[in-house]
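Trainee: I would like to learn how to read a structural model feature by feature. Please take me through one.

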Amino acid sequence: MAPSHPSTHSAITLHINGEKCSLSVDHRTTLLDALRERLDLTGSKKGCDQGQCGACTVLVDGRRTVSCLQLAVAAEGREITTVEGLADGERLHPVQQAFLDLDGYQCGYCTPGQICSAVAVIEEHAAGWPSAATGDVRPEAGPPPLTAEEIRERMSGNLCRCGAYVSIVRAVARAAAEQGTTEAAA
């Protein structure tokens with residue numbers, strides 16, 4: 001009798017942008033490939049495919065995740081938000097609007113990942129999470145000012161080959177100020 005081999009596929013349900021999506025995936029399928037190739041959510045880009053550029057950044061349970069390193073099966077049951085799920089109908093998310101208004105993009109390839117990261121950066125900052133640029137990390141010190149230095153450090157996992165960093169920093173600062181989480185310091 002031949003030995004039985006376990007299946008290399010699983011039926012999973014992903015919670016993406018407020019909707020449940022059921023699909024069968026190979027256990028090795030990344031969340032990025034499931035989003036782009038199986039669910040036609042092509043906002044997240046495949047850049048380096050090694051977790052170093054941030055072009056594939058999405059939010060998983062509100063936290064930044066490079067989806068090229070996250071297995072789709074490990075994302076089952078978690079809340080996934082892609083750049084397509086940030087807007088409220090026709091009304092853009094404040095970060096999306098700030099990127100548009102302040103030219104926080106050039107070629108646009110990295111922009112979806114930059115925007116998803118920026119949404120998380122603003123929430124992390126508002127929650128008082130320190131960064132490597134934070135001078136006083138004591139909890140009682142509260143959130144540091146969201147300076148250009150803080151924004152650059154917090155966004156450092158997202159690369160822009162075009163060099164739109166100055167506009168990206170301004171867009172993040174403006175969106176944070178508009179959301180009332182901080183005063184614009186950048």
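Mentor: What follows goes from the overall layout to salt bridges, a surface patch and a helix pair.

Mentor: This is a predicted model, in which local features need pLDDT of at least 70, side-chain atom pairs count only at pLDDT 80 or more, and totals for chains, interfaces and linings use all residues. Residues are numbered from 1 along each chain as its sequence is written, and side-chain values use heavy atoms, with hydrogens and water left out.

Trainee: How many helices and strands does the protein have?

Mentor: Helices (H or I, at least four residues) and strands (E, at least two) are DSSP runs, numbered from the N terminus. Here there are five helices and five strands, and their order along the sequence is β-β-α-β-β-β-α-α-α-α. The C-alpha atoms fill a box of roughly 70 × 35 × 30 Å along the principal axes.

Trainee: What share of the residues is buried?

Mentor: A residue is buried under 20% relative accessible area, exposed over 50%, and partly exposed in between (1.4 Å probe, protein chains only). Of the 186 residues in the protein, 42% are buried.

Trainee: How many salt bridges does the structure hold?

Mentor: Side chains of opposite charge can pair when their charged atoms come close. The criterion for a salt bridge is a side-chain nitrogen of Lys or Arg within 4 Å of a carboxyl oxygen of Asp or Glu. The structure holds ten of them. One is between Asp33 and Lys46, with the closest N and O atoms 2.8 Å apart. This pair links distant parts of the chain: Asp33 is in helix α1 (residues 31-38), and Lys46, 13 residues apart from it, is in the loop between α1 and β3 (57-60). Asp33 counts as buried because its relative accessibility is 18%, while Lys46, at 30%, counts as partly exposed.

Trainee: Where do Arg154 and Glu150 lie?

Mentor: Both are in helix α4 (residues 148-154), four residues apart, about one turn of the helix. Arg154 and Glu150 are both buried.

Trainee: Why are Arg174 and Glu178 separated by about one helical turn?

Mentor: The reason is that they are four residues apart in helix α5 (residues 165-178). Arg174 is partly exposed, with a relative accessible area of 24%, and Glu178 is partly exposed at 49% relative accessibility. Elsewhere, salt bridges with shared partners join Asp33, Lys46 and Asp49 into one network.

Trainee: Which residues form a nonpolar patch on the surface?

Mentor: Patches are made of residues with over 30% relative accessible area and no salt bridge; like charges are joined within 9 Å, and nonpolar side chains (Val, Leu, Ile, Met, Phe, Trp, Tyr) within 5 Å. Accessible areas come from the Shrake-Rupley method with a 1.4 Å probe, and for residues only the protein chains shown count as cover. In this case Leu92, Leu100 and Tyr105 form the patch, with about 230 Å² of accessible area together. Tyr105 sits in the loop between α2 (94-101) and α3 (111-126).

Trainee: At what angle do the axes of α3 and α5 cross?

Mentor: Two packed helices are described by the angle between their axes and the distance between the axes. Axes are lines fitted to C-alpha atoms, for helices over the stretch in contact, and angles run from 0 to 180 degrees between N-to-C directions. The axes of α3 and α5 come within 10 Å and cross at roughly 45°.
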